[in-house]
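Trainee: I have a structure open and would like to learn how to read it. Could you take me through some of its features?

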Amino acid sequence: MDVIECDVPSSSALSWELIRNAYRAPLARPELRIVEIFFALFGHTPLWMKLLLIVRNTAARLVGLEAPTVGEIMRPTVKREYRVGEKIGPWPIFFISDNEIVAGRNNKHMDFRLSVLKAMDGDAMSVVVSTICTVHNVFGKIYLFFIVPFHRKGVRSLMSNAVMAKRV
């Protein structure tokens with residue numbers, strides 16, 4: 001099974017009525033903890049993608065937005081356990097349970113949330129990655145207009161790479 005666009009499972013901590021982007025992939029390694037799944041997906045970002053993120057973050061800081069540091073993008077800290085309020089990769093954690101982690105960032109133009117969820121898909125386990133953005137102003141709308149196509153391709157690519165490499 002490939003990475004497919006899907007509805008957000010009702011078990012997600014995110015408000016599923018607001019989510020536009022959710023993707024599901026098979027979870028061949030259901031014994032993995034949610035933190036391990038998070039890093040299996042987002043801990044193997046290709047260099048070209050990291051460089052794009054660094055350029056975007058530099059521009060964001062120039063206009064007064066909070067953005068991850070170069071170090072958080074290039075060498076994210078990996079720990080065994082995390083708590084709400086700590087950072088996982090470049091994002092603060094807003095919610096964590098055995099089956100889901102929600103991280104993101106609040107900014108002047110929009111608030112962003114990313115959910116990584118272990119979910120049942122019929123009689124098999126899968127991983128669902130969902131994102132939600134709450135836009136605060138016209139700058140947030142403009143930003144999303146330009147970034148959403150890259151975001152969709154990037155999330156699918158990261159998930160596909162993790163499945164093909166048998167990390168999830």
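**Reading the model**

Mentor: Start with helix H1, where 8 of the 9 residues are buried, so H1 is largely enclosed by the rest of the structure. Keep in mind throughout that this is a predicted model.

Trainee: Which are the buried residues of H1?

Mentor: A residue counts as buried when its relative accessible area is under 20%. In H1 this applies to Ile 34, Val 35, Ile 37, Phe 38, Phe 39, Ala 40, Leu 41 and Phe 42.

Trainee: How do I describe the way two helices pack?

Mentor: Two packed helices are described by the angle between their axes and by the distance between those axes. For H1 (residues 34-42) and H4 (residues 138-164), the axes come within 8 Å and cross at roughly 110°. An angle of 65 to 115 degrees counts as roughly perpendicular, and H1 and H4 are therefore roughly perpendicular to each other.

Trainee: Which residues meet where H1 and H4 are in contact?

Mentor: From H1 come Ala 40, Leu 41 and Phe 42, and from H4 come Leu 158, Met 159 and Ala 162. By type, this contact has 6 nonpolar residues, no polar ones and no charged ones.

Trainee: Now the whole chain. How many helices and strands are there in the protein?

Mentor: The protein has 4 helices and 7 strands. Read from the N terminus, their order is β-β-α-α-α-β-β-β-β-β-α.

Trainee: What radius of gyration does the protein have, and what would a compact globule have?

Mentor: The value is 15 Å, and a compact globule of 168 residues would have one near 15 Å, so the two agree. Along the principal axes, the C-alpha atoms fill a box of roughly 45 × 35 × 30 Å.

Trainee: What share of the residues is buried?

Mentor: Of the 168 residues, 45% are buried. The accessible surface comes to about 9400 Å², and carbon and sulfur atoms hold 60% of that surface.

Trainee: Where is Arg 33 found?

Mentor: Arg 33 sits in the loop between strand E2 (21-26) and H1. Its relative accessible area is 30%, so Arg 33 is partly exposed. Gly 71 belongs to helix H3 (residues 70-74), and at 25% relative accessibility Gly 71 is also partly exposed.

Trainee: Pro 68 is in a loop as well. Is Pro 68 buried or exposed?

Mentor: Pro 68 is buried, with a relative accessible area of 6%. The loop that holds Pro 68 runs between helix H2 (47-62) and H3. Setting aside neighbours within four places in sequence, Pro 68 is in contact with Asn 57, Arg 61, Ile 73, Pro 90 and Arg 105.

Trainee: What can be said of the phi of Lys 166?

Mentor: Lys 166 has a phi near 60°, which is a positive value in a residue other than glycine. Lys 166 lies in the segment after H4. With 62% relative accessibility, Lys 166 counts as exposed.

Technical notes
Residues numbered from 1 in each chain as written. Predicted model: local features only at pLDDT ≥ 70, side-chain atom pairs only at ≥ 80, totals over all residues. Heavy atoms only, no water. Axes fitted to C-alpha atoms, helices over the stretch in contact; angles between N-to-C directions. Helix = DSSP H or I, 4+ residues; strand = E, 2+ residues; numbered from the N terminus. Parallel < 35°, antiparallel > 145°, perpendicular 65-115°, else oblique. Contact = heavy atoms within 4.5 Å. Nonpolar A, V, L, I, M, F, W, Y, C, P; charged D, E, K, R; others polar. Rg over C-alpha atoms; globule rule 2.2 N^0.38 Å. Buried < 20%, exposed > 50% of the residue type's maximum accessible area, 1.4 Å probe, protein only. Areas by Shrake-Rupley, 256 points an atom, 1.4 Å probe, with all protein chains shown as cover.
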